[in-house]
Amino acid sequence: MTTSVVSIVYVNDAPAAARFYGDLLGLSPSFETPGYITFALGPGADLALWSGQFEDLSPDVPRTSEVCLAIDPGSDDLDAIFEQWQSKGVTILREPHDLGFGLTFLAADPDGNRIRVAPRG
């Protein structure tokens, strides 16, 4: 059996969200329809942006999950990503801080979905 993992993020506007995530990840979509857009993240892993499933998603609604971008260990990379995202105006929910698994920070997309950057385990 071939296994792949698709992380689905619900958004208000899939094309707008795809521009946001494409800019952050430095990637182009691998599949596009008006309401469902995916990014191939590597063998067996995709990020999907899906609109039309919920009306008027609001950043004010608490989120119980995160998209985690795992990077190679080393705080220099994480600090550089943090500074780059700040300069782009990305909403930062928590600045870099050390947790049990290493240095991490937390951001949000325009719909309020959480994006964590952390070291690969």
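Here's a quick look at the overall fold of this chain and its largest pocket. Keep in mind that the model is predicted.

Let's start with the fold. The protein chain has two helices and eight strands, and if you walk along the sequence they come in the order β-α-β-β-β-β-α-β-β-β. As for overall dimensions, a compact globule of 121 residues would have a radius of gyration near 14 Å, and the protein chain has 14 Å, so the two agree.

Next, packing and surface. Of the 121 residues, 33% are buried. Among contacts with a separation of 6 or more, 48% link residues 24 or more positions apart. The protein chain exposes about 7,300 Å², with carbon and sulfur atoms supplying 51% of that area.

Now for the pocket. The largest one has a volume of about 560 Å³. Its lining runs to 22 residues, and Ser7, Val9, Leu47, Glu66 and Val67 are the ones nearest the centre. Here's how the lining of the largest pocket splits by residue class:

| Class | Residues in the lining |
|---|---|
| Nonpolar | 14 residues |
| Polar | four residues |

The largest share comes from β1, which puts in five residues.

Conventions: Residues are numbered from 1 along each chain as its sequence is written. This is a predicted model: local features need pLDDT of at least 70, side-chain atom pairs count only at pLDDT 80 or more; totals for chains, interfaces and linings use all residues. Side-chain values use heavy atoms; hydrogens and water are left out. On a 1 Å grid over the protein atoms alone, a cavity is a set of points where a 1.4 Å probe fits but cannot get out, and a pocket is an open set with protein on both sides within 12 Å along at least five of seven lines; lining residues have an atom within 4 Å of a point. Grid points are joined across faces, edges and corners, and a volume is the space filled by probe spheres set on the points. Helices (H or I, at least four residues) and strands (E, at least two) are DSSP runs, numbered from the N terminus. Ala, Val, Leu, Ile, Met, Phe, Trp, Tyr, Cys and Pro count as nonpolar, Asp, Glu, Lys and Arg as charged, and the others, Gly among them, as polar. The radius of gyration is taken over C-alpha atoms; the globule rule is 2.2 Å times the number of residues to the power 0.38. Buried means under 20% relative accessible area, exposed over 50%, partly exposed in between (1.4 Å probe, protein chains only). Contact means heavy atoms within 4.5 Å. Accessible areas come from the Shrake-Rupley method with a 1.4 Å probe; for residues, only the protein chains shown count as cover.
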